[in-house]
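Here's a quick briefing to read with the model open in your viewer.

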Amino acid sequence: MRIAVLALQGAFIEHERMLASLGADVFELRQEKDLHRPFDGLVLPGGESTVQGKLLRETGMFEPLRSKIEAGLPVFGTCAGLLLLAKRIENDDRTHFAVMDVAAVRNAYGRQLGSFAAETEFAGVGRVPAIFIRAPYIGEVFGQSQALALVDNRIVAAQQGNMLVTAFHPELSGDPSVHRYFLETLVAPSQ
């Protein structure tokens, strides 16, 4: 299976390494012409959602990617990727793709000094390490979305059909469980 990783800004290399270690064929999306390559899934990495949203629009990738996601392309968003997919951001008037039935709380854990690691039970996976860096959390799931993991009674992972989001960075933990879940549960069945 071939997975495209948005590589405009943020922690994309770590996702590429994790996916490659699981046998996926991975390539970077950097400009509109990269969208012409066939791919079975998409990863939206952590970073700065406002910058990523701006760069997606400037490169001409925003609308084509949104159309692909709405058409069922499996997508996995971590941290900023969660914010790109959320239909609502509770403490920000801006939205981006706005395709997933979640309301996110941006920078919910404070600045860089508020970063931390935890462990959580992830539905369908088991216990996973969770690294939070200037992380959001999910204040509400609604519609077709369902919560998959909690930390301190806050939703930190959710799924809606072929869309998966985490407020944490599984690509930084060394544990491939969440990426494997994405590939096996969302990407493989859609092929």
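What follows is a short tour of the core, the aromatic pairs, a pocket and a few loop and strand residues.

Keep in mind that this is a predicted model. The largest nonpolar core takes in 59 residues, and Phe97 and Phe122 have the most contacts inside it. The largest pocket holds about 210 Å³ of space.

- H5 is mostly covered, with 8 of its 11 residues buried. Those buried residues are Ser177, Val178, His179, Tyr181, Phe182, Leu183, Leu186 and Val187.
- Leaving aside residues up to four places away in sequence, Phe122 touches Val128, Leu148, Ala149, Ala157, Leu164, Thr166, Phe168, Val178 and Tyr181. Two of these contacts, Val178 and Tyr181, are on the list of buried H5 residues.

**Aromatic pairs**

- To describe a pair of aromatic rings, you give the distance of the centres and the angle of the planes.
- The count of aromatic pairs comes to 6. In one of them, the ring centres of Phe62 and Phe97 are 4.8 Å apart and the planes sit at 10°, so this pair is stacked.
- That pair links distant parts of the chain, 35 residues apart: Phe62 belongs to helix H3 (residues 62–70), while Phe97 is in the loop between strand S5 (86–89) and strand S6 (100–105). Both Phe62 and Phe97 are buried.
- Phe122 and Tyr181 pair up edge-to-face, with 5.7 Å centre to centre and 70° between the planes. Phe122 is in strand S7 (residues 116–122) and Tyr181 in helix H5, so the pair ties together parts 59 residues apart in sequence. Phe122 and Tyr181 are both buried.
- There's also an aromatic cluster made up of Phe116, Phe132 and Phe168.

**The largest pocket**

- The volume of the largest pocket is about 210 Å³. It is lined by 15 residues, and the closest to its centre are Gly47, Glu48, Cys79, Ile133 and Arg134.

**Two loop residues with positive phi**

- Arg134, one of the residues closest to the pocket centre, has a phi near 45°, a positive value in a residue other than glycine. You'll find Arg134 in the loop between strand S8 (126–132) and strand S9 (137–141). Its relative accessibility is 33%, so Arg134 counts as partly exposed.
- Asn153 isn't a glycine either, yet its phi is positive at about 60°. Asn153 sits in the loop between strand S10 (146–151) and strand S11 (154–160). With a relative accessible area of 75%, Asn153 is exposed.

**A glycine in strand S9**

- Gly139 lies in strand S9. Not counting residues up to four places away in sequence, Gly139 touches Glu90, Ala103, Ala104 and Val105.
- Gly139 and Ala158 are 19 residues apart in sequence, and their C-alpha atoms are 11 Å apart in space.

Definitions and conventions. Residues are numbered from 1 along each chain as its sequence is written. This is a predicted model: local features need pLDDT of at least 70, side-chain atom pairs count only at pLDDT 80 or more; totals for chains, interfaces and linings use all residues. Side-chain values use heavy atoms; hydrogens and water are left out. On a 1 Å grid over the protein atoms alone, a cavity is a set of points where a 1.4 Å probe fits but cannot get out, and a pocket is an open set with protein on both sides within 12 Å along at least five of seven lines; lining residues have an atom within 4 Å of a point. Grid points are joined across faces, edges and corners, and a volume is the space filled by probe spheres set on the points. A nonpolar core is a set of buried Ala, Val, Leu, Ile, Met, Phe, Trp, Tyr and Cys residues joined through side-chain atoms within 4.5 Å. Buried means under 20% relative accessible area, exposed over 50%, partly exposed in between (1.4 Å probe, protein chains only). Contact means heavy atoms within 4.5 Å. Rings of Phe, Tyr and Trp (its six-membered ring) pair if their centres lie within 6.5 Å; planes under 30 degrees apart count as stacked, over 60 as edge-to-face and the rest as tilted. Helices (H or I, at least four residues) and strands (E, at least two) are DSSP runs, numbered from the N terminus.
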